[in-house]
Amino acid sequence: MNYKFLFILLLFILSGCKIDTNNSSKIKYNQNKYENKGFALIYSEELLEKKILKKKIDDRSLSIYHDYLNKGTKVKITNLINKKSLVAQVDKKIKNIDFYNSIISQRISNELEININQPYVEIKEIKNNSIFL
């Protein structure tokens with residue numbers, strides 16, 4: 001009989017506990033849109049030699065490689081230093097870029113005038129509006 005009372009008491013005590021997780025990630029989802037500020041890795045041939053990438057990025061393309069967003073997602077890339085921006089498309093979902101938020105093509109780097117030593121950019125997902133009248 002004492003075990004039933006102890007079990008019920010323990011059940012009430014444990015059900016009253018709240019586990020609070022701290023989600024202090026740099027990734028924000030504003031109205032289910034992905035936003036991230038961080039450093040971008042600018043594509044060069046060294047990435048193929050170091051085997052970080054398996055496929056070459058076309059220098060003339062407006063495409064990026066990203067680790068969270070799926071292929072075909074449109075994103076707005078903004079250079080946070082000079083506030084220039086453009087719209088690009090995720091070409092491939094890639095892992096192995098722990099510090100960087102994306103790998104961008106040389107054309108994006110040139111058009112946004114991104115400093116190679118300080119490639120600080122913001123990436124925002126663009127959701128397609130299906131309501132056009």
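Predicted model: local features only at pLDDT ≥ 70, side-chain atom pairs only at ≥ 80, totals over all residues.
Is Thr-78 buried or exposed? Thr-78 is buried, with a relative accessible area of 12%.

**Around Thr-78 and Tyr-120**

Thr-78 belongs to strand S4. Setting aside residues up to four places away in sequence, Thr-78 touches Lys-83, Lys-84, Ser-85, Tyr-120, Val-121 and Glu-122. One of these partners, Tyr-120, lies in strand S7. The C-alpha atoms of Tyr-120 and Thr-78 are 8.8 Å apart, although 42 residues separate the two along the chain. Tyr-120 has a relative accessibility of 31%, so it counts as partly exposed. On the same exclusion of residues up to four places away, the contacts of Tyr-120 are Lys-37, Gly-38, Phe-39, Thr-78, Asn-79 and Leu-80.

**How the strands line up**

Strand S7 has pairing partners to look at in turn. Strand S4 (residues 74–79) runs antiparallel to S7, and five bridges join them. In this pairing, Asn-79 stands opposite Val-121 in S7. Strand S2 (residues 33–42) also pairs with S7 (residues 120–125) in the antiparallel sense, again over five bridges. Here Glu-35 is the residue that faces Lys-124 in S7.

**The nonpolar cores**

The largest nonpolar core has 16 residues, and those that touch the most other members are Ile-64, Val-75, Ile-77, Ala-88, Ile-104, Ile-108 and Ile-123. At least two residues of this core come from each of S2, S4, S5 and S7. Another core, of nine residues, lies apart from it and includes Tyr-43, Leu-53, Tyr-65 and Ile-94.

Ala-88 sits in strand S5 (residues 85–93). Its relative accessibility is 4%, and because buried means under 20%, Ala-88 counts as buried. Beyond residues up to four places away in sequence, Ala-88 touches Leu-62, Ile-64, Thr-73, Lys-74, Val-75, Ile-77 and Ile-108. Thr-73 is 15 residues from Ala-88 along the chain, and their C-alpha atoms are separated by 8.5 Å.

Val-75 has its own set of contacts. Leaving out neighbours within four places in sequence, these are Ile-64, Leu-69, Leu-86, Val-87, Ala-88, Val-90, Ile-123, Lys-124, Glu-125 and Ile-126.

**Salt bridges**

Side chains of opposite charge can pair when their charged atoms come close. The count in this model comes to five salt bridges, among them the ones in this table.

| Salt bridge | Closest N to O distance |
|---|---|
| Arg-60 and Asp-58 | 3.8 Å |
| Glu-125 and Lys-127 | 3.7 Å |

Glu-111 is partly exposed at 39%, and Arg-107 is partly exposed at 32%. Because Glu-111 and Arg-107 are four residues apart in helix H3 (residues 106–111), about one helical turn separates them.

**A nonpolar patch outside**

Finally, to the surface. Phe-5, Leu-6, Leu-9, Leu-10, Ile-13 and Leu-14 form a nonpolar patch there, with about 630 Å² of accessible area together. One of them, Ile-13, lies in helix H1 (residues 2–15).

Note on methods
Residues numbered from 1 in each chain as written. Heavy atoms only, no water. Pairing = 2+ DSSP bridges. Patch = residues over 30% accessible without salt bridge, like charges linked within 9 Å, V, L, I, M, F, W, Y side chains within 5 Å. Areas by Shrake-Rupley, 256 points an atom, 1.4 Å probe, with all protein chains shown as cover. Salt bridge = Lys/Arg side-chain N within 4 Å of Asp/Glu carboxyl O. Buried < 20%, exposed > 50% of the residue type's maximum accessible area, 1.4 Å probe, protein only. Contact = heavy atoms within 4.5 Å. Core = buried A, V, L, I, M, F, W, Y, C linked by side-chain atoms within 4.5 Å.
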